[in-house]
Amino acid sequence: MSQQADSSLGDPAGPLVLGTTVGLRTKDLLGIGDLSSEEILLILDTAEAMKEVGTRPIKKVPALRGRTVVNLFFEPSTRTRMSFEIAEKRLSADTLNMTASGLSVVKGETLVDTVRNLGAMAPDLIIVRHASAGAGHVVARLCSAGVINAGDGMHEHPTQALLDALTIRQHKGRFDGLKVSIIGDLLHSRVFRSNLLLLQKLGADVCACAPTTLMLSGMNRFGVRSTTSVDEAVDGADVIMLLRIQLERMRGHFIPSLREYFQRFGMTTDRLRLAKPDVIIMHPGPLNRGVEIASEVADGPYSVILEQVANGVAVRMAVLYLLAGGHQG
Amino acid sequence: MSLHSILLKGGWVIDPVNGIDGEADILLEDGHVTQLGPELKVRPGTPVVEVPQGCVLCPGFIDMRVHLSEPGYEHKETVSTGLAAAAAGGFTAVASMPNTEPVNDDAGITGLVLAKAAEAELVRVHPVGAVTRGLAGERLAELGELREAGCVAVSNGVRSVADANLMRRVLEYASMCGMAVIDHCEDVLLTQDGVANDGFQAAALGLRGMPSAAEDIFVERDVTLSGMTGAPLHIAHLSTRGALEAVRSGKARDFPVSCEVTPHHLTLTDDRLDGYDTNYKVNPPLREQQDVEALLQGLQDGTIDCIASDHEPHHYDEKLVEFDRAPFGIAGLETVVSICLDRLIHPGYLSLTRLVELLAINPARILGVVGGSLGVGSPADITVLAPDLPVTVNAGEFRSLARNTPFDGWALRGGVAASIVGGRTVYSNSSVDGAVEFETVTSDQ
């Protein structure tokens, strides 16, 4: 593709070899809901090529040289922010990090003013993490830069779902008919919403499992099988994805205690016996050992949790590349 | 001493109280209706206004629920701009809510609002006092003094009285003072910090939900208390099927309960929230299609008594924020009539006679104020409709200081031609041919 790219923009792909000539339809990635299944597969294919860069002795390609990427994190984040930053640096982008404590919001500036000011400095891409659902939409409406949603409240976290999909594909080679069980705090989880949309688009058989108090309202309209029985969710599963239970959920009367949650929903080696023999265990992190997952499972042979983290960099490189370099609009 | 008089000639008049639905002339003298009927004979030299073709004259519309925001929130709206918006919206009177700063729990604030309204010389203001001091839901406000100062009803503003015993006393005491209680019903322990209707749409968008049950429960509780005390209760901005059932059941048992709905709850659902446009953020939240259908049914079968704007103006800075941080509310005064004509009258859900009941007769009855009739001796408060006028909503041209409307850009059939208050035209619509003639209706001649 890069050979046909406008030479005035430089050669965005550098020495990468990518087997496609299409980009994404939109300037932003606000949610999986906006992507077609073709676009999802394009991102995964591009990410495969990006993985190779991470195996080189010098892990850097010039694809985004001269492009400015701003990491705008209104909410604390370790994993996602580091992952984006490494992805940006491997693509040679100029990066800028703005985190909640350093932002003018602590001086009372509104999101709108922060973003307008940022927009006036003409960055190419803005990565946004914010506690409010739809914050990425606000940013995207206000500036011409491409916007990547790195988690907006309880709404979506699209790059997490994409890296999860890449991990699943590497192990299973397919999505169609795959039984993927997602177990944990579904209600408050943007990871669940993005994964559900993505897995449904690719034809997986998704089973959602949580205590009734942590299910979503109108669950039947999401077109997903749901159960409060963890054994039913684990039974015959190809993939088990566990979601974090936050300590503060006990105050909202969602669960009586972390102890009872672990007894009834926690993933143990014992419970895993019902799953397919080649099941993989996933978790978006950070882990609550002994709450949603027993350490023996997190550290055991079925766990692909660290592969997810590694794939995060490749997927974010792919999204950055496709939005900043490969976008044909 | 010469009487100031004017004849409105040749219009279609709808005045259900006096059984009139046809062409009639109206003679206005010194701010009152003195003759009503076809082909009136009047003294020679009486000034005449030929009512423009197609216009309909109704008893002046009364908006049961308006937040004028002054004192305290003059950046959102002032009494003067709010009343200009009301006049342009076809209203000749508004009930002003007590959630100002300071709260209208004191005769001084009631007096201030009335003084500002008198200064504006536009539409009538009927102040609604606070049921509890500071609207804190803890201690009964001095309702007797509020009544004497000019309050026509009392309300809990935008916060429910959580304490059922206090609510019982509110109803009893307000009833003794001759005032209805206008009730915002929401169990905040159930809505928590919700921002949208609890259901599929909010769940998909990651927005915290406000369950319908939070409204249903408080409507059921307060309808029951109204039955127990025999005190008049008016449910504000009713939005759910369940709450409507509660009112219906109260009415079936002859409890003195009434209710209103807003144009936005009749026309919009939570499907509109994708895109996170804060102009759709309102409390009660936009509900689901089944609720909209129930409300339309309630309008037709008479369970619903009034349509009110719940005009809640906000500065654009306040709405231009993340969805969950934006204030609730829609600036509705200037779109009520067009929405009702386009969505309720033209599709045949309601007759114009029924609309006059909902917007004039019932509000006057519930608030116990003048209006609702064009009979001889009534104040000359008249809303002139242009039912076929093509209207495109343009928030940029609102008389209100606020622009927070979800209807901006909507093309609607039907609008306001003029608003006459006490025999004086306070608004005429330049896009209605001949409506400018109403400008001669003035008591200053």
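**Reading the model**

Tutor: Chain B averages a pLDDT of 96, and 99% of the residues score at least 70; pLDDT is the predictor's confidence in each residue, from 0 to 100. Where pLDDT is low, predicted coordinates should not be read in detail. The model scores ipTM 0.89 and pTM 0.93. This is a predicted model, in which local features need pLDDT of at least 70 and side-chain atom pairs count only at pLDDT 80 or more, while totals for chains, interfaces and linings use all residues. Residues are numbered from 1 along each chain as its sequence is written, chains are lettered from A and ligands numbered from 1 in the order in which they are written, and side-chain values use heavy atoms, with hydrogens and water left out.

Student: What is the strand order of the open sheet of four strands in chain A?

Tutor: Strands (E, at least two residues) and helices (H or I, at least four) are DSSP runs, numbered from the N terminus. Two strands pair if DSSP finds at least two bridges between them. In chain A the order is 2-1-3-4, with parallel pairing. Strand 2 (94-99) and strand 4 (146-152) of chain A are the edges, each pairing on one side only. From one strand to the next the twist averages 15 degrees. Strand 1 (residues 68-73) of chain A is joined to strand 2 of chain A by six bridges, and A:Asn71 has A:Asn97 as its bridge partner there.

Student: Which strands of chain A does helix 4 lie across?

Tutor: Contact means heavy atoms within 4.5 Å. Axes are lines fitted to C-alpha atoms, for helices over the stretch in contact, and angles run from 0 to 180 degrees between N-to-C directions. Helix 4 (residues 135-142) of chain A lies across strand 3 (125-130) and strand 4 of chain A, at about 165 degrees to strand 4 of chain A.

Student: Which residues lie nearest the centre of the largest pocket?

Tutor: On a 1 Å grid over the protein atoms alone, a pocket is an open set of points where a 1.4 Å probe fits, with protein on both sides within 12 Å along at least five of seven lines; lining residues have an atom within 4 Å of a point. A:Met154, A:Asp185, A:His188, A:Gln246 and A:Arg249 lie nearest the centre, among 50 lining residues. Helix 2 (79-90) and helix 6 (190-201) of chain A, and helix 5 (188-191) and helix 6 (200-205) of chain B, each supply at least two residues of that lining.
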